Amino acid sequence: MKKILILFAVALFFNGCSDEDYEALNRNPNNPEKVSAEKLFSNATKSLFDQMESTSVNRNVFRLFAQYWTETTYIDEANYDLERKIPQYHWSELYRDVLYDLADAKAILEANGESNSTKVGQITILEIYTWQILVDSFGDVPYTEAIKGKKKKSPKYDDDENIYKDLVIRLDAAIGMLGNGSTMGNADLIYKSDVAKWRKFANSLKLKIGSRLIDHNLGLATTIITEAVNAGVFTSSADDAKINYEGTPPNTNPIWISLVQSGRNDFVPANTIVDHMNTLKDPRRPFYFKDNLGLDIYTGGVYGKQSSFSSHTHVGELLHDPTYKGVLLDYVEVKFNLAEAIEQGIAVGGTAKDHYNDAINASMLDWGVSSADATTYLTSAAVNYDTAVGTWREKIGMQYWLAMYNRGFEGWYVYRKFDAPTFNTAHRDGLPVPNRYTYPINEQSLNETNWKAASTAIGGDKLTTKVFWDKN
């Protein structure tokens with residue numbers, strides 16, 4: 001019944017794997033064969049966006065890991081205490097409610113003779129995005145033996161680097177399918193089946209994967225990035241992979257649920273980001289934050305310390321809007337990745353400064369900053385690429401991180417990849433920023449042998465263990 005209601009809500013809205021229960025939860029128990037590929041695709045898409053957008057400490061703490069926000073009362077998560085089984089929720093949501101739905105949709109299409117269609121290409125691209133998130137979250141994860149249900153109750157974990165390499169191969173195949181036969185039509189909540197935009201999304205995702213590989217394998221990264229750029233990545237914010245939420249439940253942005261519908265005041269902006277933006281006189285402050293303390297006064301809560309809601313700057317009004325967009329990948333991200341590629345000696349056209357400026361400008365305009373204020377910011381000595389203090393990693397890392405403010409997962413990635421900007425040590429427990437999620441507790445009981453093998457392979461199931469691409 002739950003599955004039926006979710007699918008019905010999605011239709012109105014948009015006119016892990018180690019346990020066989022994952023599969024059972026992902027079926028209509030009455031008429032599974034009557035669930036269409038299109039509905040499954042829509043449901044998986046919304047589940048993916050919801051998981052990446054959510055700020056509930058029961059399911060997503062990436063805004064805390066990125067030190068964009070801190071907590072007012074219950075400060076465990078800001079101190080990297082994951083006792084709420086947060087990794088379990090992230091794992092289950094992506095495997096069960098995204099990857100299983102997408103696999104079911106693909107199976108339906110293949111049974112109907114559409115194994116090489118645009119529809120399958122669209123499904124595969126979202127699968128690859130989800131797998132990449134899982135790897136970046138945990139490191140080694142079940143992959144080749146995953147999503148098998150009862151056929152493989154205890155799947156092995158695959159090496160995270162090998163998964164990445166396979167994702168590129170699969171992504172190329174998916175791109176080759178686009179334009180073949182019919183599309184998902186209005187069931188595509190992102191682009192309404194605009195095939196040209198799906199190609200740009202796929203190539204931009206390929207660029208993203210290549211960018212993560214740069215410090216680990218520059219030769220492979222160079223090949224992947226140049227292929228993606230030559231094939232055509234995002235060229236403006238109009239290409240962004242996003243959805244627009246609605247104003248009433250259950251189709252609101254999940255951020256609104258935590259900030260407004262809950263009636264709670266659990267978060268304030270962290271001093272980490274507020275202090276950096278105050279120093280730079282960043283004109284996005286009135287949009288990122290609410291000036292509730294007085295004219296042009298922004299005071300962030302000490303990261304990891306109980307921070308009185310009334311005594312600190314609040315989260316900006318835009319994020320209190322139930323219809324605020326959800327984003328998987330955007331033009332700003334693409335431009336910063338291109339800036340890094342130039343600095344790493346990869347020929348993608350333009351200069352690092354050009355791409356850096358384009359990224360900052362696009363972020364400014366996206367948040368509502370005037371062109372004049374954006375120009376003033378870009379030409380200031382502390383931001384200008386020619387005069388800003390620090391290495392290219394520090395310059396790009398700072399601005400990339402600032403721009404990802406409402407995309408906590410990417411902000412966490414930027415810090416891990418660039419080791420910039422300077423973050424605070426969690427106040428209560430004195431711990432550094434985690435490099436990964438620990439594996440879900442369920443894996444220790446339901447898939448113990450493979451969990452132990454994976455833990456050993458990655459160097460220990462610890463928050464401090466790095467994923468393979470994190471070399472700095």
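Predicted model: local features only at pLDDT ≥ 70, side-chain atom pairs only at ≥ 80, totals over all residues.
Me: What volume does the largest cavity have?
Reply: The largest cavity is lined by 14 residues. By class, seven of them are nonpolar, two polar and five charged. The volume of this cavity is about 150 Å³.

Me: Are H14 and H16 roughly parallel or roughly antiparallel?
Reply: The axes of H14 and H16 (residues 392–403) come within 10 Å. They cross at roughly 20°. Angles under 35 degrees count as roughly parallel. H14 and H16 are therefore roughly parallel.

Me: Which residues of H16 does H14 meet?
Reply: The crossing of the two helices, H14 and H16, is left-handed. The contact residues divide into four nonpolar, two polar and one charged. From H14 come Tyr356, Ile360 and Ser363. Their partners in H16 are Lys395, Ile396, Gln399 and Ala403.

Me: Which helix gives the most to the lining of the second largest cavity?
Reply: This cavity has a volume of about 70 Å³. H3 (37–53), strand S8 (326–329) and H17 (408–418) each supply at least two lining residues. The top contribution is three residues, and it comes from H17.

Me: How many charged residues line the second largest cavity?
Reply: The lining includes Met52, Tyr129, Val327, Leu328 and Phe409. Also in the lining are Glu53, Asn406, Arg407, Gly408 and Glu410. By class, five are nonpolar and two polar, and the charged residues number three.

Me: Are H3 and H6 roughly parallel or roughly antiparallel?
Reply: The axes of H3 and H6 (residues 118–138) come within 11 Å. Their crossing angle is roughly 25°. Under 35 degrees counts as roughly parallel. So H3 and H6 are roughly parallel.

Me: Is the crossing of H3 and H6 left-handed or right-handed?
Reply: On the H3 side, the contact is made by Glu38, Phe41, Thr45, Leu48 and Met52. H6 brings Lys119, Gln122, Ile123, Leu126, Tyr129, Thr130 and Ile133. Together these divide into seven nonpolar, three polar and two charged residues. The crossing is left-handed.

Notes: Residues numbered from 1 in each chain as written. Heavy atoms only, no water. 1 Å grid on protein atoms, 1.4 Å probe; cavity = no way out; pocket = protein on both sides within 12 Å on 5 of 7 lines; lining within 4 Å. Points joined across faces, edges and corners; volume = space filled by probe spheres on them. Nonpolar A, V, L, I, M, F, W, Y, C, P; charged D, E, K, R; others polar. Helix = DSSP H or I, 4+ residues; strand = E, 2+ residues; numbered from the N terminus. Axes fitted to C-alpha atoms, helices over the stretch in contact; angles between N-to-C directions. Parallel < 35°, antiparallel > 145°, perpendicular 65-115°, else oblique. Left-handed = near helix turned anticlockwise from the far one by under 90°. Contact = heavy atoms within 4.5 Å.
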